[in-house]
Amino acid sequence: MCRDFVCPDRDCALCPRLKAFIDNNRRLYPDFFNAPVPSFGDLNGELLIVGLAPGLRGANRTGRPFTGDFAGDLLYKSLIDYGFAAGTYQARPDDGLKLINTRLTNAVRCVPPENKPTGGEVKTCSAFLIREINAMPNLKVVLALGGLAHNAVLSVFGAKKSACKFAHNALHSVSFGEREIKLLDTYHTSRYNVNTGKLTPEMFDAVFKTLAALMPRG
Ligand code: URA
C-alpha cells in the first residue's frame, strides 16, 4: 500500500496491461520493486520534473524514479550540479540523495512493456499527476522530459497542444487556476537520445541554465 495519496496503490489495476506486466515481473524478478513507483521529493517544492515511466531494470527495480536507469545518470548529475539535489547519486534508493525544492515523478507510474505506455494508460495515470500538481502549493516550474510528459502535463493544465508545441529548451506559460506555471521542455535523457546525439550533455546543460534562471537560488 502506498501511503502517499498522489501515488497509485501498490496493486493498482487501473491499467490491466500494466498490472499484468507487473504481475509477470513479480514472478520473473521477485527482488525488484515491481509496483507503481512513488514520486521522489517534497510536495512543497517549486519544481516538478515529469519523466515518462519507470524502466524495467531501473526505477521498477529500485522503486525510486530514474534510479538505476541510464536516463537517471545525466538527470541526477545535473540536479546535483545545479543545486536541485544534495548528496551523491549511487543509483540506489538508500544512497541518501536529497532533492532540494524539487519533486520527481513520471507521467505513467508503472513500468510499461518496451518502455511504451499506450495513450489510454497515460490518460488513466494522469489522475495521479493531477493530484500531484494540485498537492504542490508552491509549484512554479514543471520540467517535462520528452514529448509524452509534455503532452501529459498540458492535458492536466487543460492547455492547448497547438499553443505549446514541444521543443527542446522551449519555455511555455500555462495557467492553473489563479496561478501561472512555467512549463520547460527537454528531450528525454534516454539511452537512445543520448547515444544518437539527439540529446548531448551540452543541450541538457542549456536546459538547466534556463531552469536556474527561472529559479534563482537564495
Ligand atoms: N525513465 C523515465 O522516464 N522515468 C524513470 O523513472 C526512469 C526512466
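Which residues have the most contacts inside the largest nonpolar core? They are Leu48, Val50, Leu129, Ile133, Val142 and Phe157, in a core of 30 residues. This is a predicted model, where local features need pLDDT of at least 70 and side-chain atom pairs count only at pLDDT 80 or more, while totals for chains, interfaces and linings use all residues. Residues are numbered from 1 along each chain as its sequence is written, and side-chain values use heavy atoms, leaving out hydrogens and water.

**The nonpolar cores**

- A nonpolar core is a set of buried Ala, Val, Leu, Ile, Met, Phe, Trp, Tyr and Cys residues joined through side-chain atoms within 4.5 Å; buried means under 20% relative accessible area (1.4 Å probe, protein chains only).
- Val142 touches Leu48, Val50, Val153, Phe157, Ile181, Lys182, Leu183 and Leu184, not counting residues up to four places away in sequence; contact here means heavy atoms within 4.5 Å.
- A second, separate core has 26 residues, among them Leu75, Leu79, Leu97 and Val207.

**The ligand**

- One oxygen atom of the ligand is 2.7 Å from a polar backbone atom of Leu52.
- For Phe66, a polar backbone atom is 2.8 Å from an oxygen atom of the ligand.
- In the side chain of Asn106, an N or O atom is 2.7 Å from a nitrogen atom of the ligand.

Note on methods. Buried < 20%, exposed > 50% of the residue type's maximum accessible area, 1.4 Å probe, protein only. Polar contact = N/O pair within 3.5 Å; in protein donor to acceptor, adjacent residues only side chain to side chain.
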